[in-house]
Amino acid sequence: MDPSRKREILDALRRNIKSIIKTRNESNDKCAKFAAYCIEDAFEGRLSNGLASNSKKSTLIFNAFRIQTSGIFTNLVIGLSLLHCLSIFVLESGDLNGSLHYASVIFNIVTYTVYILDVVLKMSYEGFKEYMKHDWQRIYCISIVIMVVEFGFNHGNYFAYSNFLRPVIGTLRSRSARRFFTCCKQMVPKLSQALIPLVCGILCLLYCVFVVYSM
């Protein structure tokens, strides 16, 4: 190699060595952070919509994911759901008068606002189609819509036909409860396939015994 060309290359390397090292360090940091996200997703049981996949999206979407999956927001939703359920027993059904009525209305508005925010945040990083693919998320969203619509139509009166849906929110928002829901969903068809012939056999046996004793 020509000595002048060699000196030119060495001078260029000396001038850019800091930026090269900085770029490489930034790349290594990104790879390490992505690997940490993958490990955290594995421990949390997340699949395609976890920290790793959402870290590649925009900052707004990633922040929406971090808020929606944070322990504080999760506990807020579950806590409001628990209070929402307990309010059925604390307050008397029927019309509420005065400050108690307004307190009930405000509490319901705050509760439903948090529920809707929870759905909106999750849809923002999953997408509507992906969100609706999951059975428990469809039930979760439909339950909220029914409660909100009925609350709007009954003008804030306490009594509501959708009160039985209140425990659904806290139950499905809890990861352990969702696992139980998934297990039940998988067990019921298999149990029904095994139990239906057994029940039919027992009924036939009882019918035969009844016929024999009636003769």
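Patches, as the word is used here, are made of residues with over 30% relative accessible area and no salt bridge, with nonpolar side chains joined within 5 Å. In this predicted model, one such nonpolar surface patch is made by L82, L83, L86 and F89, and it covers about 450 Å². F89 belongs to helix α4, which spans residues 71-90. With a relative accessibility of 69%, F89 counts as exposed, because the cut-off for that label is over 50%.

Stepping back to the overall fold, the protein chain comes out with 9 helices and 0 strands. Read from the N terminus, the order of elements is simply α-α-α-α-α-α-α-α-α. Of the 215 residues in the protein chain, 29% count as buried. The protein chain exposes about 15,000 Å², and carbon and sulfur atoms supply 69% of that area. As for how the protein chain folds back on itself, take the contacts between residues at least 6 apart in sequence: 61% of these join residues at least 24 apart.

A word on confidence, then. The average pLDDT for the protein chain is 77, and 60% of the residues score at least 70. Among the elements, helix α7 (residues 135-153) has the highest mean pLDDT, at 90. At the other end sits helix α9 (residues 175-214), with the lowest mean, 65. Where pLDDT is low, the predicted coordinates should not be read in detail.

Note on methods. Residues are numbered from 1 along each chain as its sequence is written. This is a predicted model: local features need pLDDT of at least 70, side-chain atom pairs count only at pLDDT 80 or more; totals for chains, interfaces and linings use all residues. Side-chain values use heavy atoms; hydrogens and water are left out. pLDDT is the predictor's confidence in each residue, from 0 to 100. Helices (H or I, at least four residues) and strands (E, at least two) are DSSP runs, numbered from the N terminus. Buried means under 20% relative accessible area, exposed over 50%, partly exposed in between (1.4 Å probe, protein chains only). Contact means heavy atoms within 4.5 Å. Accessible areas come from the Shrake-Rupley method with a 1.4 Å probe; for residues, only the protein chains shown count as cover. Patches are made of residues with over 30% relative accessible area and no salt bridge: like charges are joined within 9 Å, nonpolar side chains (Val, Leu, Ile, Met, Phe, Trp, Tyr) within 5 Å. A salt bridge is a side-chain nitrogen of Lys or Arg within 4 Å of a carboxyl oxygen of Asp or Glu.
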